[in-house]
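Please keep the sequence and the structure in view while reading.

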Amino acid sequence: MPQPSDKPDTSHFWMPFTANRQFKNKPRMLVAASGMYYYSDDGRQILDGTAGLWCVNAGHCHPKITEAIQRQAGAMDYAPAFQMGHPLVFEAASALVSIAPEGLNRVFFCNDGSEAVDTSLKIALAYHRVRGDGLRHRLIGRERGYHGVGFGGISVGGIAGNRKHFGPALPAVDHLRHPLDIARNAFTRGLPQQGAELADELEQRLLALHDPATVAAVIVEPIQGSTGVILPPAGYLQKLRAICDKYGILLIFDEVITGFGRLGAAFGAGYFDVMPDMIICAKGLTNAAVPMGAVLVRQEIHDAFMDAAPENAIEFFHGYTYTGHPLASAAAIAAIDVYTSEGLFEQAAAMAPFFEQAAHSLKGLPYIKDIRNLGLVCGIELESIPGQPGARAFNVFLKCFWEKNILIRTTGDIIALSPPLIINQMQTEQLFGALAEVLRGL
(Lines give C-alpha, C1' and ligand atoms only; values in the text may rest on other atoms or scores of the structure.)
Protein backbone atom coordinates (compact mmCIF):
# COMPACT_ATOMS: atom_id res chain seq x y z
CA MET A 1 0.00 0.00 0.00
CA PRO A 2 1.51 3.37 -0.98
CA GLN A 3 2.34 5.68 1.87
CA PRO A 4 0.85 9.19 1.98
CA SER A 5 3.20 11.70 0.40
CA ASP A 6 4.00 15.22 1.49
CA LYS A 7 1.30 17.63 0.44
CA PRO A 8 2.45 19.43 -2.73
CA ASP A 9 2.15 23.13 -3.37
CA THR A 10 -0.85 23.29 -5.71
CA SER A 11 -0.63 26.98 -6.55
CA HIS A 12 1.51 26.84 -9.70
CA PHE A 13 -0.20 24.19 -11.83
CA TRP A 14 -3.11 25.54 -13.91
CA MET A 15 -5.26 22.42 -14.20
CA PRO A 16 -7.08 21.50 -17.43
CA PHE A 17 -10.88 21.13 -17.58
CA THR A 18 -10.99 21.59 -13.79
CA ALA A 19 -12.62 23.98 -11.36
CA ASN A 20 -9.18 24.96 -10.08
CA ARG A 21 -10.28 26.89 -6.99
CA GLN A 22 -12.71 24.20 -5.90
CA PHE A 23 -10.13 21.44 -6.39
CA LYS A 24 -7.33 23.24 -4.58
CA ASN A 25 -9.59 23.88 -1.60
CA LYS A 26 -9.81 20.09 -1.09
CA PRO A 27 -7.47 18.26 -3.49
CA ARG A 28 -8.21 14.76 -4.74
CA MET A 29 -4.73 13.28 -5.12
CA LEU A 30 -3.81 9.93 -6.69
CA VAL A 31 -0.29 8.68 -5.91
CA ALA A 32 -0.11 5.12 -7.27
CA ALA A 33 -2.01 2.65 -9.42
CA SER A 34 -2.16 -1.07 -10.16
CA GLY A 35 -4.61 -3.12 -12.19
CA MET A 36 -8.13 -1.91 -11.54
CA TYR A 37 -7.18 0.48 -8.75
CA TYR A 38 -5.73 3.86 -7.93
CA TYR A 39 -4.34 4.70 -4.51
CA SER A 40 -4.99 8.08 -2.95
CA ASP A 41 -2.61 10.18 -0.89
CA ASP A 42 -4.57 9.28 2.25
CA GLY A 43 -3.96 5.57 1.68
CA ARG A 44 -7.30 4.53 0.17
CA GLN A 45 -7.75 2.03 -2.66
CA ILE A 46 -9.96 3.59 -5.37
CA LEU A 47 -11.75 1.39 -7.92
CA ASP A 48 -11.19 2.97 -11.33
CA GLY A 49 -14.54 3.13 -13.11
CA THR A 50 -13.19 5.32 -15.93
CA ALA A 51 -9.95 3.65 -17.11
CA GLY A 52 -8.22 6.85 -16.11
CA LEU A 53 -9.75 9.04 -18.79
CA TRP A 54 -11.14 6.36 -21.13
CA CYS A 55 -7.57 5.25 -21.80
CA VAL A 56 -6.02 2.65 -19.43
CA ASN A 57 -7.71 -0.29 -21.15
CA ALA A 58 -5.32 -3.02 -19.98
CA GLY A 59 -5.33 -1.85 -16.37
CA HIS A 60 -2.77 0.28 -14.60
CA CYS A 61 0.98 -0.35 -14.66
CA HIS A 62 0.80 -3.51 -16.73
CA PRO A 63 4.25 -5.09 -16.26
CA LYS A 64 4.85 -5.84 -19.97
CA ILE A 65 4.17 -2.23 -20.94
CA THR A 66 6.16 -0.83 -18.02
CA GLU A 67 9.14 -3.03 -18.83
CA ALA A 68 9.08 -2.08 -22.51
CA ILE A 69 9.20 1.62 -21.64
CA GLN A 70 11.98 1.13 -19.09
CA ARG A 71 14.03 -0.92 -21.53
CA GLN A 72 13.70 1.64 -24.31
CA ALA A 73 14.47 4.56 -21.98
CA GLY A 74 17.81 2.93 -21.22
CA ALA A 75 18.61 2.24 -24.87
CA MET A 76 17.61 5.48 -26.64
CA ASP A 77 15.59 8.33 -25.20
CA TYR A 78 14.73 10.22 -28.38
CA ALA A 79 15.14 10.15 -32.14
CA PRO A 80 13.72 12.63 -34.67
CA ALA A 81 11.19 11.52 -37.24
CA PHE A 82 12.04 14.30 -39.69
CA GLN A 83 14.30 12.77 -42.36
CA MET A 84 15.35 10.11 -39.83
CA GLY A 85 13.86 6.99 -38.31
CA HIS A 86 14.25 4.34 -35.66
CA PRO A 87 13.08 0.71 -35.88
CA LEU A 88 10.41 0.85 -33.16
CA VAL A 89 8.23 3.45 -34.88
CA PHE A 90 7.96 1.22 -37.97
CA GLU A 91 7.24 -1.79 -35.74
CA ALA A 92 4.57 0.21 -33.93
CA ALA A 93 2.91 1.13 -37.22
CA SER A 94 2.91 -2.53 -38.31
CA ALA A 95 1.49 -3.63 -34.97
CA LEU A 96 -1.31 -1.07 -35.22
CA VAL A 97 -2.14 -2.08 -38.79
CA SER A 98 -2.27 -5.73 -37.70
CA ILE A 99 -5.41 -5.05 -35.62
CA ALA A 100 -6.92 -2.35 -37.83
CA PRO A 101 -9.71 -2.88 -40.36
CA GLU A 102 -8.39 -4.18 -43.66
CA GLY A 103 -7.32 -1.42 -46.01
CA LEU A 104 -6.42 1.11 -43.33
CA ASN A 105 -2.74 0.30 -43.61
CA ARG A 106 -0.88 3.62 -43.50
CA VAL A 107 -0.19 5.30 -40.14
CA PHE A 108 0.69 8.89 -39.29
CA PHE A 109 1.78 9.16 -35.65
CA CYS A 110 1.38 12.17 -33.39
CA ASN A 111 1.09 12.72 -29.64
CA ASP A 112 -2.56 12.68 -28.62
CA GLY A 113 -6.12 12.69 -29.89
CA SER A 114 -6.27 16.43 -30.46
CA GLU A 115 -3.22 16.31 -32.73
CA ALA A 116 -4.60 13.24 -34.49
CA VAL A 117 -7.85 15.07 -35.25
CA ASP A 118 -6.06 18.08 -36.70
CA THR A 119 -3.78 15.74 -38.66
CA SER A 120 -6.75 13.93 -40.18
CA LEU A 121 -8.42 17.18 -41.19
CA LYS A 122 -5.23 18.39 -42.87
CA ILE A 123 -4.87 15.06 -44.68
CA ALA A 124 -8.46 15.32 -45.90
CA LEU A 125 -8.12 18.86 -47.21
CA ALA A 126 -4.71 18.25 -48.79
CA TYR A 127 -5.82 14.93 -50.33
CA HIS A 128 -8.48 16.58 -52.44
CA ARG A 129 -6.01 19.26 -53.53
CA VAL A 130 -3.31 16.84 -54.61
CA ARG A 131 -5.96 15.08 -56.67
CA GLY A 132 -6.87 18.36 -58.35
CA ASP A 133 -10.20 18.71 -56.52
CA GLY A 134 -9.43 21.89 -54.59
CA LEU A 135 -13.06 23.00 -54.36
CA ARG A 136 -13.48 20.54 -51.49
CA HIS A 137 -12.65 22.74 -48.52
CA ARG A 138 -15.65 22.24 -46.25
CA LEU A 139 -15.67 20.02 -43.14
CA ILE A 140 -18.74 18.61 -41.41
CA GLY A 141 -18.81 17.54 -37.76
CA ARG A 142 -21.66 16.87 -35.39
CA GLU A 143 -23.39 18.67 -32.54
CA ARG A 144 -22.06 17.59 -29.14
CA GLY A 145 -19.08 15.99 -30.87
CA TYR A 146 -15.75 16.11 -29.07
CA HIS A 147 -12.65 16.08 -31.22
CA GLY A 148 -10.04 17.42 -28.85
CA VAL A 149 -9.01 20.98 -28.20
CA GLY A 150 -6.95 22.05 -31.22
CA PHE A 151 -8.50 24.75 -33.38
CA GLY A 152 -9.42 22.12 -35.96
CA GLY A 153 -10.96 19.88 -33.32
CA ILE A 154 -13.03 22.59 -31.66
CA SER A 155 -14.20 23.75 -35.09
CA VAL A 156 -15.62 20.40 -36.18
CA GLY A 157 -16.54 19.58 -32.58
CA GLY A 158 -19.95 20.59 -31.35
CA ILE A 159 -19.41 21.67 -27.74
CA ALA A 160 -20.05 25.39 -27.30
CA GLY A 161 -18.11 25.68 -24.05
CA ASN A 162 -14.93 24.44 -25.73
CA ARG A 163 -14.83 27.34 -28.19
CA LYS A 164 -16.89 30.27 -26.93
CA HIS A 165 -13.87 32.07 -25.44
CA PHE A 166 -11.61 31.77 -28.48
CA GLY A 167 -13.32 33.64 -31.29
CA PRO A 168 -13.61 32.38 -34.87
CA ALA A 169 -12.02 29.00 -35.55
CA LEU A 170 -11.82 27.22 -38.92
CA PRO A 171 -14.08 28.61 -41.63
CA ALA A 172 -16.32 26.46 -43.82
CA VAL A 173 -17.47 24.07 -41.08
CA ASP A 174 -21.01 22.85 -40.44
CA HIS A 175 -22.60 20.29 -38.14
CA LEU A 176 -25.06 17.44 -38.22
CA ARG A 177 -27.52 17.10 -35.39
CA HIS A 178 -26.55 14.57 -32.74
CA PRO A 179 -28.67 11.39 -32.57
CA LEU A 180 -29.58 11.41 -28.85
CA ASP A 181 -33.37 11.10 -28.54
CA ILE A 182 -34.35 10.29 -24.97
CA ALA A 183 -38.05 10.71 -25.75
CA ARG A 184 -37.97 7.73 -28.12
CA ASN A 185 -35.01 5.72 -26.85
CA ALA A 186 -34.75 6.13 -23.07
CA PHE A 187 -33.28 3.12 -21.22
CA THR A 188 -32.41 1.29 -24.43
CA ARG A 189 -30.03 -1.62 -23.95
CA GLY A 190 -27.42 -1.37 -26.65
CA LEU A 191 -28.06 0.50 -29.88
CA PRO A 192 -31.20 2.66 -30.09
CA GLN A 193 -33.64 1.44 -32.69
CA GLN A 194 -35.06 4.89 -33.48
CA GLY A 195 -33.21 7.68 -35.23
CA ALA A 196 -31.18 6.31 -38.14
CA GLU A 197 -33.00 8.79 -40.37
CA LEU A 198 -31.03 11.61 -38.71
CA ALA A 199 -28.11 10.60 -40.94
CA ASP A 200 -30.20 11.57 -43.98
CA GLU A 201 -29.89 15.25 -43.11
CA LEU A 202 -26.29 15.08 -44.29
CA GLU A 203 -27.67 14.77 -47.82
CA GLN A 204 -31.03 16.47 -47.46
CA ARG A 205 -29.92 19.56 -45.53
CA LEU A 206 -26.15 20.09 -45.39
CA LEU A 207 -25.15 18.89 -48.86
CA ALA A 208 -28.20 20.60 -50.36
CA LEU A 209 -27.12 23.83 -48.66
CA HIS A 210 -23.38 23.74 -49.34
CA ASP A 211 -23.11 21.67 -52.57
CA PRO A 212 -21.45 18.27 -52.13
CA ALA A 213 -18.65 19.26 -54.52
CA THR A 214 -17.33 21.60 -51.78
CA VAL A 215 -17.31 19.07 -48.91
CA ALA A 216 -13.99 17.40 -48.09
CA ALA A 217 -14.85 15.21 -45.11
CA VAL A 218 -17.35 14.24 -42.46
CA ILE A 219 -15.93 13.47 -39.01
CA VAL A 220 -17.89 11.63 -36.31
CA GLU A 221 -17.26 9.55 -33.21
CA PRO A 222 -18.86 6.10 -33.53
CA ILE A 223 -19.96 6.74 -29.93
CA GLN A 224 -19.98 10.32 -28.69
CA GLY A 225 -18.27 9.68 -25.38
CA SER A 226 -17.20 12.93 -23.76
CA THR A 227 -20.64 14.51 -24.02
CA GLY A 228 -22.38 11.67 -22.27
CA VAL A 229 -22.32 8.38 -24.20
CA ILE A 230 -24.50 9.17 -27.21
CA LEU A 231 -24.99 5.99 -29.21
CA PRO A 232 -25.61 5.79 -32.96
CA PRO A 233 -29.04 4.37 -33.81
CA ALA A 234 -28.98 1.06 -35.63
CA GLY A 235 -28.12 1.72 -39.29
CA TYR A 236 -27.06 5.35 -38.73
CA LEU A 237 -23.35 4.95 -39.45
CA GLN A 238 -24.09 2.81 -42.48
CA LYS A 239 -26.22 5.63 -43.88
CA LEU A 240 -23.42 8.16 -43.38
CA ARG A 241 -21.01 5.85 -45.20
CA ALA A 242 -23.37 5.44 -48.14
CA ILE A 243 -23.95 9.19 -48.50
CA CYS A 244 -20.22 9.94 -48.34
CA ASP A 245 -19.57 7.29 -50.98
CA LYS A 246 -22.25 8.75 -53.22
CA TYR A 247 -20.66 12.20 -53.25
CA GLY A 248 -16.94 11.41 -52.96
CA ILE A 249 -16.64 12.69 -49.39
CA LEU A 250 -14.13 11.22 -46.95
CA LEU A 251 -15.55 9.70 -43.76
CA ILE A 252 -13.38 10.01 -40.65
CA PHE A 253 -14.07 8.03 -37.48
CA ASP A 254 -12.72 9.58 -34.29
CA GLU A 255 -12.03 6.40 -32.30
CA VAL A 256 -9.99 7.94 -29.51
CA ILE A 257 -12.52 6.41 -27.10
CA THR A 258 -13.93 3.45 -29.03
CA GLY A 259 -10.54 2.17 -30.17
CA PHE A 260 -8.69 -0.69 -28.46
CA GLY A 261 -11.49 -2.79 -27.09
CA ARG A 262 -14.03 -0.47 -25.53
CA LEU A 263 -16.81 -2.18 -27.52
CA GLY A 264 -15.26 -5.64 -27.43
CA ALA A 265 -13.53 -5.20 -30.80
CA ALA A 266 -10.28 -3.58 -31.82
CA PHE A 267 -12.15 -0.59 -33.29
CA GLY A 268 -15.70 0.65 -33.53
CA ALA A 269 -15.40 0.40 -37.30
CA GLY A 270 -15.12 -3.35 -36.94
CA TYR A 271 -17.85 -3.55 -34.34
CA PHE A 272 -20.30 -1.61 -36.53
CA ASP A 273 -18.98 -3.12 -39.78
CA VAL A 274 -18.57 0.32 -41.34
CA MET A 275 -15.30 1.16 -43.07
CA PRO A 276 -14.21 4.80 -42.77
CA ASP A 277 -11.49 6.39 -44.86
CA MET A 278 -9.50 7.31 -41.74
CA ILE A 279 -9.51 6.29 -38.10
CA ILE A 280 -8.22 8.62 -35.40
CA CYS A 281 -6.88 6.88 -32.32
CA ALA A 282 -4.92 7.68 -29.14
CA LYS A 283 -5.60 6.89 -25.44
CA GLY A 284 -5.56 3.08 -25.42
CA LEU A 285 -2.92 2.99 -28.16
CA THR A 286 -0.24 2.94 -25.46
CA ASN A 287 -2.57 2.10 -22.57
CA ALA A 288 -1.96 5.79 -21.73
CA ALA A 289 1.51 4.96 -20.39
CA VAL A 290 3.17 7.43 -22.80
CA PRO A 291 1.26 10.03 -24.84
CA MET A 292 0.70 8.95 -28.44
CA GLY A 293 -1.91 9.42 -31.15
CA ALA A 294 -2.26 8.13 -34.69
CA VAL A 295 -4.28 8.43 -37.86
CA LEU A 296 -4.92 5.24 -39.80
CA VAL A 297 -5.39 6.04 -43.47
CA ARG A 298 -6.54 4.10 -46.51
CA GLN A 299 -3.59 3.31 -48.76
CA GLU A 300 -5.20 5.09 -51.72
CA ILE A 301 -5.18 8.36 -49.76
CA HIS A 302 -1.52 7.94 -48.81
CA ASP A 303 -0.57 6.99 -52.36
CA ALA A 304 -2.22 10.10 -53.79
CA PHE A 305 0.34 12.20 -51.89
CA MET A 306 3.21 10.00 -53.06
CA ASP A 307 2.10 10.19 -56.70
CA ALA A 308 1.58 13.95 -56.70
CA ALA A 309 5.05 14.97 -55.45
CA PRO A 310 8.47 14.72 -57.12
CA GLU A 311 10.45 11.73 -55.91
CA ASN A 312 12.83 13.68 -53.66
CA ALA A 313 10.24 16.12 -52.31
CA ILE A 314 8.43 16.14 -48.98
CA GLU A 315 4.96 14.88 -49.82
CA PHE A 316 3.04 16.20 -46.77
CA PHE A 317 4.19 19.26 -44.86
CA HIS A 318 3.06 18.23 -41.42
CA GLY A 319 4.45 16.56 -38.31
CA TYR A 320 5.55 16.98 -34.71
CA THR A 321 8.83 16.95 -32.78
CA TYR A 322 7.66 13.89 -30.86
CA THR A 323 6.04 11.99 -33.75
CA GLY A 324 6.82 8.30 -33.21
CA HIS A 325 8.74 8.96 -29.98
CA PRO A 326 10.82 5.88 -29.06
CA LEU A 327 9.24 5.45 -25.62
CA ALA A 328 5.74 5.86 -27.03
CA SER A 329 6.51 3.41 -29.83
CA ALA A 330 7.74 0.85 -27.30
CA ALA A 331 4.59 1.35 -25.23
CA ALA A 332 2.33 0.96 -28.27
CA ILE A 333 3.99 -2.27 -29.37
CA ALA A 334 3.72 -3.70 -25.86
CA ALA A 335 0.13 -2.55 -25.37
CA ILE A 336 -1.07 -4.06 -28.64
CA ASP A 337 0.71 -7.29 -27.73
CA VAL A 338 -1.05 -7.32 -24.35
CA TYR A 339 -4.44 -6.71 -25.95
CA THR A 340 -4.01 -9.58 -28.39
CA SER A 341 -2.03 -12.13 -26.35
CA GLU A 342 -4.22 -11.74 -23.25
CA GLY A 343 -7.49 -11.66 -25.22
CA LEU A 344 -8.65 -8.40 -23.67
CA PHE A 345 -10.99 -7.46 -26.49
CA GLU A 346 -12.70 -10.83 -26.17
CA GLN A 347 -12.76 -10.45 -22.39
CA ALA A 348 -14.50 -7.10 -22.75
CA ALA A 349 -17.06 -8.57 -25.14
CA ALA A 350 -17.77 -11.40 -22.71
CA MET A 351 -18.20 -8.98 -19.78
CA ALA A 352 -20.46 -6.58 -21.69
CA PRO A 353 -23.80 -8.36 -20.98
CA PHE A 354 -23.10 -8.45 -17.22
CA PHE A 355 -22.01 -4.80 -17.33
CA GLU A 356 -25.22 -3.91 -19.18
CA GLN A 357 -27.38 -5.72 -16.63
CA ALA A 358 -25.62 -3.98 -13.75
CA ALA A 359 -26.02 -0.59 -15.41
CA HIS A 360 -29.74 -0.99 -16.01
CA SER A 361 -30.29 -2.24 -12.47
CA LEU A 362 -30.09 1.45 -11.52
CA LYS A 363 -33.30 2.25 -13.39
CA GLY A 364 -35.88 3.69 -11.01
CA LEU A 365 -33.40 5.27 -8.62
CA PRO A 366 -33.88 8.97 -7.82
CA TYR A 367 -33.32 11.51 -10.59
CA ILE A 368 -32.29 9.02 -13.29
CA LYS A 369 -33.84 10.02 -16.64
CA ASP A 370 -31.89 7.68 -18.94
CA ILE A 371 -29.31 4.88 -19.02
CA ARG A 372 -27.33 4.19 -22.20
CA ASN A 373 -24.76 1.45 -22.74
CA LEU A 374 -22.72 -0.42 -25.30
CA GLY A 375 -19.75 -2.69 -24.65
CA LEU A 376 -17.93 -1.49 -21.55
CA VAL A 377 -19.25 2.04 -21.62
CA CYS A 378 -22.29 3.45 -19.89
CA GLY A 379 -23.94 6.85 -19.59
CA ILE A 380 -26.37 7.59 -16.76
CA GLU A 381 -28.24 10.85 -17.31
CA LEU A 382 -29.63 12.62 -14.25
CA GLU A 383 -32.27 15.32 -13.91
CA SER A 384 -30.57 18.65 -13.37
CA ILE A 385 -31.05 20.79 -10.29
CA PRO A 386 -32.98 23.86 -11.51
CA GLY A 387 -30.54 26.67 -12.15
CA GLN A 388 -27.50 24.50 -11.36
CA PRO A 389 -26.62 22.44 -14.42
CA GLY A 390 -24.04 19.77 -13.68
CA ALA A 391 -24.24 20.18 -9.91
CA ARG A 392 -26.15 16.97 -9.20
CA ALA A 393 -23.78 14.70 -11.11
CA PHE A 394 -20.71 16.42 -9.68
CA ASN A 395 -22.07 15.88 -6.18
CA VAL A 396 -22.37 12.17 -7.03
CA PHE A 397 -18.77 12.21 -8.27
CA LEU A 398 -17.53 13.71 -4.98
CA LYS A 399 -19.50 11.29 -2.82
CA CYS A 400 -18.28 8.32 -4.86
CA PHE A 401 -14.65 9.40 -4.45
CA TRP A 402 -14.65 10.41 -0.79
CA GLU A 403 -17.24 8.01 0.66
CA LYS A 404 -17.32 4.95 -1.64
CA ASN A 405 -13.74 4.75 -2.95
CA ILE A 406 -14.74 4.61 -6.59
CA LEU A 407 -13.77 6.90 -9.45
CA ILE A 408 -16.44 7.94 -11.92
CA ARG A 409 -16.55 10.69 -14.54
CA THR A 410 -19.23 13.30 -15.12
CA THR A 411 -20.05 15.54 -18.04
CA GLY A 412 -22.82 17.96 -17.27
CA ASP A 413 -25.40 15.90 -15.40
CA ILE A 414 -24.36 12.66 -17.06
CA ILE A 415 -22.29 10.01 -15.29
CA ALA A 416 -19.96 8.23 -17.70
CA LEU A 417 -18.44 4.85 -16.83
CA SER A 418 -15.71 3.18 -18.91
CA PRO A 419 -13.63 0.84 -16.74
CA PRO A 420 -10.47 -0.99 -17.80
CA LEU A 421 -11.24 -4.03 -19.94
CA ILE A 422 -9.97 -6.29 -17.16
CA ILE A 423 -12.90 -5.51 -14.84
CA ASN A 424 -14.55 -8.63 -13.40
CA GLN A 425 -18.06 -9.31 -12.15
CA MET A 426 -17.26 -8.60 -8.50
CA GLN A 427 -15.72 -5.24 -9.38
CA THR A 428 -18.65 -4.43 -11.66
CA GLU A 429 -21.04 -5.13 -8.79
CA GLN A 430 -18.91 -2.96 -6.49
CA LEU A 431 -18.93 -0.10 -8.99
CA PHE A 432 -22.66 -0.04 -9.64
CA GLY A 433 -23.56 -1.00 -6.07
CA ALA A 434 -21.64 1.96 -4.66
CA LEU A 435 -23.14 4.26 -7.26
CA ALA A 436 -26.65 3.04 -6.37
CA GLU A 437 -26.05 3.79 -2.69
CA VAL A 438 -24.99 7.32 -3.50
CA LEU A 439 -27.97 7.90 -5.79
CA ARG A 440 -30.41 6.61 -3.17
CA GLY A 441 -28.94 9.08 -0.69
CA LEU A 442 -29.40 12.16 -2.87
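Two strands are said to pair if DSSP finds at least two bridges between them. The model described here is a predicted one.

With that term in hand, we can turn to the sheet. Four strands form an open sheet in the order E1-E2-E3-E13, and the pairing within this sheet is mixed. Its edge strands are E1 (30-34) and E13, each of which pairs on one side only.

Inside the sheet, strand E2 (residues 37-40) and strand E3 (residues 45-48) run antiparallel and are joined by 3 bridges. These two strands form a hairpin with 4 residues between them, and in this hairpin Gly 43 takes a positive phi near 85 degrees. E3 also pairs with strand E13 (residues 406-407), but here the sense is parallel and the pairing extends over 2 bridges. The table lists residues that stand opposite each other in these pairings.

| Residue | Opposite residue | Strand of the opposite residue |
|---|---|---|
| Asp 48 | Leu 407 | E13 |

As a general point for reading such a sheet, the side chains in a regular strand alternate between the two faces of the sheet.

Next come the helices. The axes of helix H8 (residues 201-210) and helix H9 (residues 236-247) come within 10 Å and cross at roughly 45 degrees. Angles under 35 degrees count as roughly parallel and those from 65 to 115 as roughly perpendicular, and H8 and H9 are therefore oblique to each other. On the side of H8 the contact is made by Leu 202, Glu 203 and Leu 207, while H9 contributes Leu 240, Ile 243, Cys 244, Lys 246 and Tyr 247. Sorted by type, the residues of this contact are 6 nonpolar and 2 charged, with no polar residue.

What does the secondary structure of the protein come to? It comes to 15 helices and 15 strands. The C-alpha trace spans about 65 × 55 × 45 Å along its principal axes. Because a compact globule with 442 residues would have a radius of gyration near 22 Å, the 22 Å of the protein agrees with that expectation. Buried residues make up 55% of the 442 residues. Finally, among contacts between residues at least 6 apart in sequence, 73% join residues at least 24 apart.

Terms used: Residues are numbered from 1 along each chain as its sequence is written. This is a predicted model: local features need pLDDT of at least 70, side-chain atom pairs count only at pLDDT 80 or more; totals for chains, interfaces and linings use all residues. Side-chain values use heavy atoms; hydrogens and water are left out. Axes are lines fitted to C-alpha atoms, for helices over the stretch in contact, and angles run from 0 to 180 degrees between N-to-C directions. Angles under 35 degrees count as roughly parallel, over 145 as roughly antiparallel, 65 to 115 as roughly perpendicular and the rest as oblique. Contact means heavy atoms within 4.5 Å. Ala, Val, Leu, Ile, Met, Phe, Trp, Tyr, Cys and Pro count as nonpolar, Asp, Glu, Lys and Arg as charged, and the others, Gly among them, as polar. The radius of gyration is taken over C-alpha atoms; the globule rule is 2.2 Å times the number of residues to the power 0.38. Buried means under 20% relative accessible area, exposed over 50%, partly exposed in between (1.4 Å probe, protein chains only).
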